[in-house]
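Me: I am new to this structure and would like to go through its salt bridges. Please show it to me.

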Amino acid sequence: MTRIDQVPSRSNDFGVTWTQSSEAGYGPYNNLVASYQGDTMYMTRNGDNPAIMRSTDEGNNWRAFQDFPVDPVRFVLLETDHGGRSVYAATIESSAGGFIFASSDRGETWHVMLEPGQKFYHGIYAQNWGDRAFFTAVD
C-alpha cells in the first residue's frame, strides 16, 4: 500500500479552477478552518511530521507550528475564533483519549488545555468573545 500525500489547493473562482500551494509542502492535511474574514486560515497536518499550519494571506503561503508541550500523535479537530486569534486543536493519542491544545496568539505558542483521559473529542466551538471554548466528548 502506498501513502498518498496531499498538497493544499486554493480557488478564487468558487472552485472552477484550483492552484496548488507549494509553500505548505506535502502531507496528509485535514481540518481546515478560517477566521470570519477568511484571511487567516489554519489546517492540521498529520503523519510523520504533525503540525498546525497557518496562512495569513488566504492560503497562498503557509507556516508550520510544531512546538507543542507534548508531541501530538494525530490531530482530529481544529477550531478558531471569529478573528482567528485563538486556536484550539484536539488530538487522539491512544486508547486513553487525547489532548486539547490551545493558543491565544495565532499559533505562536501552545499550551495543553485539557489533559488526556478517557475522552474522545468530537466537536469544538470557539466563542467569539472572551477566551472560552466548548468541547463535546465521549468516554
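The questions below concern the salt bridges in this predicted model.

Me: How many salt bridges are there?
Reply: A pair counts when a side-chain nitrogen of Lys or Arg lies within 4 Å of a carboxyl oxygen of Asp or Glu. By this rule, the count is 2.

Me: Which residue forms a salt bridge with Arg-54?
Reply: The closest N and O atoms of the pair are 3.2 Å apart, and the partner is Glu-108. Arg-54 belongs to strand E5 (residues 51-55), whereas its partner sits in the loop between strand E9 (100-103) and strand E10 (111-114), so the bridge ties together parts that are 54 residues apart in sequence. The residue asked for is Glu-108.

Me: How many residues apart are Glu-108 and Arg-63?
Reply: These two residues also form a salt bridge, with 2.7 Å between the closest N and O atoms. Glu-108 is in the loop between E9 and E10, while Arg-63 is in strand E6 (residues 63-65). The pair links distant parts of the chain, and the separation is 45 residues.

Me: Is Arg-54 buried or exposed?
Reply: Buried means under 20% relative accessible area. Arg-54 has a relative accessible area of 13%, so Arg-54 is buried. By contrast, Glu-108 at 38% is partly exposed, and Arg-63 at 39% is partly exposed. For Arg-54 the answer is buried.

Me: Which residues are linked in a network of salt bridges?
Reply: Glu-108 forms a salt bridge with Arg-54 and another with Arg-63. The linked residues are Arg-54, Arg-63 and Glu-108.

Methods: Residues numbered from 1 in each chain as written. Predicted model: local features only at pLDDT ≥ 70, side-chain atom pairs only at ≥ 80, totals over all residues. Heavy atoms only, no water. Helix = DSSP H or I, 4+ residues; strand = E, 2+ residues; numbered from the N terminus. Buried < 20%, exposed > 50% of the residue type's maximum accessible area, 1.4 Å probe, protein only.
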